Amino acid sequence: MEILVAVIAFAGALLAAIATGALIRSLREEREGWLIAWTVATAMLCIALGAIGTGYLIGFGEGTFRIYQLAGSLIAPLWMAIGLIQLLAEKTPPKFLAWLFGVAFTIVSSVVIVFDPVLKATEMAKALPPGSSHWSLIASSVLLGSHVIAALILLGCVVVAALRWRNGDDYDTDNLHAAAVIAPSALALIGAVRFAVPGVFTTALLVVAAAAIWYAVLRPLAPYEDEEDDIKSESWESASAGRRAVPERTPARMEAQAPLEPPRPRPSGLSDLVAEYRAGDQDVGYNPMNPATGHMNPMNPMNSATGHMSPAPAMDPGPSTGYIMNGGEQALGRHSGGPPQPQQPDSYNMPNTGVVYPGAEVFQPSAPQPAVGGRPSPSIYGLLTVFTLMDGSGEMFDRLADMTVEAVRRGEPDTLVYACHAVKSAPLQRIVYELYRDEVAFQDHQRQPHVERFVNERQAMVLATNIIELNVNAAKVVPLPTALF
């Protein structure tokens with residue numbers, strides 16, 4: 001049995017050493033508090049397992065007993081708990097206090113464990129000695145206090161992670177996953193070192209704790225990371241700070257989080273439409289299908305030589321055609337050089353929005369639409385989100401997105417563009433493109449009930465999410481044609 005436990009201990013020490021090296025490499029890319037704390041914990045687990053393996057081979061003595069108790073019983077569980085505080089804390093003060101307490105308590109407790117006399121050291125054999133039989137009152141009290149504090153922190157962090165997960169997003173789901181892996185393994189480790197548990201189980205729990213940290217930190221996180229493109233991503237909706245948390249808020253973003261004034265009434269126009277953003281200065285043409293004939297309307301044929309839409313020919317607006325060009329040549333801003341077209345009857349007078357059919361529902365602006373042109377405002381805030389859906393969830397996601405887009409169109413005047421795209425070459429992908437008048441408008445959008453519903457209900461449909469923050473350098477935005485049924 002001693003040989004078996006020694007083999008398990010040395011194999012676990014090797015695993016913990018590999019995990020420690022992997023975590024140290026990760027620290028070069030992101031120096032997060034939780035990553036530092038869990039690196040310390042895996043290093044201590046490696047040392048403790050090495051001491052246990054040595055003790056089962058040659059017998060335990062004062063040195064191996066102190067190393068096992070210091071690294072495996074005191075430091076490792078404490079820093080696993082401190083790592084969870086760093087993971088879930090949203091503000092800097094709690095993180096700083098956790099660091100201050102962890103470092104101070106570790107130093108003071110280590111001094112006690114190193115210099116406190118070990119009782120009955122000569123009675124130790126090739127079996128894991130329980131700490132309660134070989135420590136004095138001071139060292140026993142220090143270890144007991146460390147275990148109680150660590151256990152309370154672990155339980156509290158699990159509760160906090162679960163509460164945030166109920167109304168949170170993908171970041172909160174990932175934080176709960178990490179807490180659900182780390183907390184039980186650390187609590188089991190505390191129970192093993194506190195009570196009379198056979199050495200083989202204690203050794204196995206030390207190995208499990210190291211593996212749990214390795215899994216929680218290094219497991220693939222497809223929804224939030226894109227290593228090939230090295231994209232800095234932020235949560236599309238509200239995200240809790242923590243593991244894979246959003247970058248530190250800039251002063252502008254912090255200012256945007258201040259209490260907001262009620263949205264200013266704005267004239268109807270581009271702010272009230274789900275608009276299509278296109279970079280560059282290309283012409284946009286529309287070829288709606290004639291429902292009477294089943295063929296495309298030939299008013300704006302594509303010029304195959306230039307790739308642009310050709311000028312629309314003059315059309316007879318009689319009722320037999322079923323469609324008219326609103327405003328004719330003048331609406332397109334083109335002049336054919338011929339005689340002016342006669343004015344259409346009043347029943348066909350419609351806003352200059354492109355091509356519509358008589359009787360179709362048309363957006364009627366309450367005021368003249370603002371001129372679109374020039375350089376976009378530097379305060380415009382944009383996001384591009386790529387969703388990879390679960391098999392069979394495309395229709396449900398599209399229905400949810402349709403309801404969300406309609407609510408945004410009706411109730412968010414400062415949301416300039418909010419469009420959901422399907423990808424022809426990837427049926428399980430959806431792309432949501434957003435432009436806001438400024439970051440204040442984005443923060444106001446996040447608080448809307450329909451947005452919260454979209455975030456909560458889409459989680460069961462989405463396999464992966466990639467979010468890209470955008471700046472608009474040049475743009476041409478026009479109203480989108482709507483379906484005629």
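Mentor: Let us begin with a crossing: H3 passes H7 in a left-handed manner, where left-handed means that the near helix is turned anticlockwise from the far one by less than a right angle, and right-handed that it is turned clockwise. Before going further, note that this is a predicted model, in which local features need pLDDT of at least 70 and side-chain atom pairs count only at pLDDT 80 or more, while totals for chains, interfaces and linings use all residues. Residues are numbered from 1 along each chain as its sequence is written, and side-chain values use heavy atoms, with hydrogens and water left out.

Trainee: At what angle do the axes of helix H3 and helix H7 cross?

Mentor: Two packed helices are described by the angle between their axes and the distance between the axes. Here the axes of H3 (residues 62-88) and H7 (residues 199-218) cross at roughly 35° and come within 12 Å; the axes are lines fitted to C-alpha atoms, for helices over the stretch in contact, and angles run from 0 to 180 degrees between N-to-C directions. Helices (H or I, at least four residues) and strands (E, at least two) are DSSP runs, numbered from the N terminus, and the protein has 12 helices and eight strands.

Trainee: Which residues in H3 and H7 meet?

Mentor: Contact means heavy atoms within 4.5 Å, and on the H3 side Tyr68, Gly72 and Met80 meet Thr202, Leu206, Ala209 and Ile213 of H7. By class, this contact of H3 with H7 has five nonpolar, two polar and no charged residues, where Ala, Val, Leu, Ile, Met, Phe, Trp, Tyr, Cys and Pro count as nonpolar, Asp, Glu, Lys and Arg as charged, and the others, Gly among them, as polar.

Trainee: Is Ser109 buried or exposed?

Mentor: Buried means under 20% relative accessible area, exposed over 50%, and partly exposed in between (1.4 Å probe, protein chains only). Ser109 counts as buried because its relative accessible area is 3%, and its place is in helix H4 (residues 92-115). Leaving aside neighbours within four places in sequence, Ser109 is in contact with Leu74 and Val142.

Trainee: What does Val142 touch, not counting residues up to four places away in sequence?

Mentor: Val142, which is found in helix H5 (residues 137-166), touches Phe105, Ser109 and Val112 under that exclusion.

Trainee: Where is Thr39, and which residues does Thr39 touch?

Mentor: Thr39 belongs to helix H2 (residues 33-58) and counts as buried at 8% relative accessibility. Beyond residues up to four places away in sequence, Thr39 touches Thr20, Leu23, Ile24 and Leu27, while the C-alpha atoms of Thr39 and Ile213, 174 residues apart along the chain, are separated by 8.6 Å.

Trainee: How many disulfides does a search of the whole structure find?

Mentor: A disulfide is a covalent bond between the sulfur atoms of two cysteines. With the criterion of a pair of cysteine sulfur atoms within 2.5 Å, the search of the whole structure finds zero. As for individual cysteines, Cys157 is buried at 8% relative accessibility, whereas Cys420 is partly exposed at 30%.
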